[in-house]
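Trainee: Walk me through this one, please. Start with a loop, then move to the packing.

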Amino acid sequence: MVEQQAAILKPETLVEEFKKNGVTHVVTIPDSETNYLYELMLEQDWLDVVPISREGESPGTALGLAIAGKVPVVLIQNTGMMEAGDSIRGMAIDAGFPMVFIVGYRGWTRRGVIRDSAAKYTEPFLTAFGLDYYLVETNTDGDRISTAFEQARATSRPVVVLIGDEYHGFNR
Amino acid sequence: MIKADDVYRIFEPHRGKAIITASGVAGRKWPQSSNNPERDVSMGSAMGQTTSAAFGLALGLPDEKVVLFDSEGALLMNLGVLASIANKQPKNFVHFLLDNEVYATTGGQPVPNNTNIDYAGMAKAIGYASTHHFDDLEEFATQIESIMAEEGPVFVSIKIVPEIENSPVGLRDLTPARPRPQTIEELRAELGITA
């Protein structure tokens, strides 16, 4: 039980990873699974949370911030990521700036039976767009976020981190 | 009705050192009026997302004035961005909307409810700090100086004449004089941004 608790992805880990990588802005739509993370981000005086109205806004908003020399990260859910497809194409992939997307993997079953079509199409979507991605399921996977930032900086491309712990990690 | 060229001609002397980005068919005409191309930036296009990019730029550069020449077809594809902008209240952001009531780039088909939408009223209701609407060039010319001095986010809708493109897309020369990466690189150099 103790080991299980230790494994749970903590919102603090995400915030620490953001700080380590110099993130200045989080472009996001809050959802029920990220509520505590959202509150935690608002408490950080070095971090500006930029709420948007629909996920399609996130790549463009992040691009503007990146052009301005800031370090944005996009925090959305996989459903919204798919909605944002053309924005990801035009404002992220084609733009030539490093950009990390933290994407809640709704419906992730750790390779079990998938009952949620949001999960069914998430990885095929990323593959179709030619986007590299990493999976974070537990707290010990947290440093994969830094790996994503390093890769984004090295390639000047978007890199995605899928958060496969939606039912535990972002809530107390 | 007003021509986009006339809007730009009247605006340019009041630009100061503002960073300009533009979208839509009318937006492609802005470079011909600009006297400071190093501060003109192309953000690319993706179904109305130039507006979001201009918003992000304004947030990232709070000490610079950022001006967007938007189009109504683009804004309708990304209308929620008005709430996102109003929420953050960027004081340095001036949002012009050149409303020609049609999709000029696809042959001039009307945008939904094209003659009835009060965009400035919408921006006011959603929380922009200041909003204006013009369908008279002289009135616009009279007020532009004070508008540019206002604290943002400022929204200015202007009814313009549609300049419709009817030739097949494959036959159009859509190559910009300065491609997006060049405009971004030159703007960042101008502002001394290396990150």
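**Loop, helices and sheets**

Trainee: Where does E12(B) lie?

Mentor: E12(B) lies in the loop between α1 and β1 (19-22) of chain B. Helices (H or I, at least four residues) and strands (E, at least two) are DSSP runs, numbered from the N terminus. This is a predicted model, where local features need pLDDT of at least 70, side-chain atom pairs count only at pLDDT 80 or more, and totals for chains, interfaces and linings use all residues. Residues are numbered from 1 along each chain as its sequence is written, chains are lettered from A and ligands numbered from 1 in the order in which they are written, and side-chain values use heavy atoms, with hydrogens and water left out.

Trainee: Is E12(B) buried or exposed?

Mentor: E12(B) is buried, because its relative accessible area is 12%. Buried means under 20% relative accessible area, exposed over 50%, partly exposed in between (1.4 Å probe, protein chains only).

Trainee: What is E12(B) in contact with?

Mentor: W30(B), S33(B), S34(B) and N35(B), leaving aside neighbours within four places in sequence. Contact means heavy atoms within 4.5 Å.

Trainee: Next topic. At what angle do α1 and α8 of chain B pack?

Mentor: α1 (residues 4-11) and α8 (residues 137-148) of chain B pack at about 40°, with their axes 10 Å apart. So α1(B) is oblique to α8(B). Angles under 35 degrees count as roughly parallel, over 145 as roughly antiparallel, 65 to 115 as roughly perpendicular and the rest as oblique. Axes are lines fitted to C-alpha atoms, for helices over the stretch in contact, and angles run from 0 to 180 degrees between N-to-C directions.

Trainee: Which residues meet there?

Mentor: From α1(B), D6(B), V7(B), R9(B), I10(B) and F11(B). They meet L137(B), F140(B), A141(B), I144(B) and M148(B) in α8(B).

Trainee: And I147(B), buried or exposed?

Mentor: I147(B) is in helix α8 of chain B. It counts as buried because its relative accessibility is 0%. I147(B) touches H132(B), F134(B), V154(B) and V156(B), not counting residues up to four places away in sequence. I147(B) and V94(B) are 53 residues apart in sequence, yet 8.8 Å apart in space, C-alpha to C-alpha.

Trainee: How many residues of β3(B) are buried?

Mentor: Seven of the seven in β3 (residues 93-99) of chain B. Both faces are covered: F93(B), H95(B), L97(B) and D99(B) on one side, V94(B), F96(B) and L98(B) on the other.

Trainee: Which strand pairs with β3(B) over six bridges in the parallel sense?

Mentor: β7 (residues 154-159) of chain B does, with F96(B) opposite V156(B). β2 (residues 66-71) of chain B also runs parallel to β3(B), joined by six bridges. There, S71(B) has L98(B) as its bridge partner. Two strands pair if DSSP finds at least two bridges between them.

Trainee: Switch to chain A. What order do the strands of the open sheet have?

Mentor: The six strands run β2-β1-β3-β4-β6-β5 (chain A), with parallel pairing. The edges are β2 (48-51) and β5 (133-136) of chain A, each pairing on one side only. Neighbouring strands of this sheet are turned by 20° against each other on average, direction ignored.

Trainee: How many bridges join β5(A) and β6?

Mentor: Four, in the parallel sense, with β6 spanning residues 158-163 of chain A. V136(A) has I163(A) as its bridge partner in β6(A). Helix α7 (residues 117-128) of chain A lies across β5 and β6 of chain A, at about 170° to β6(A).
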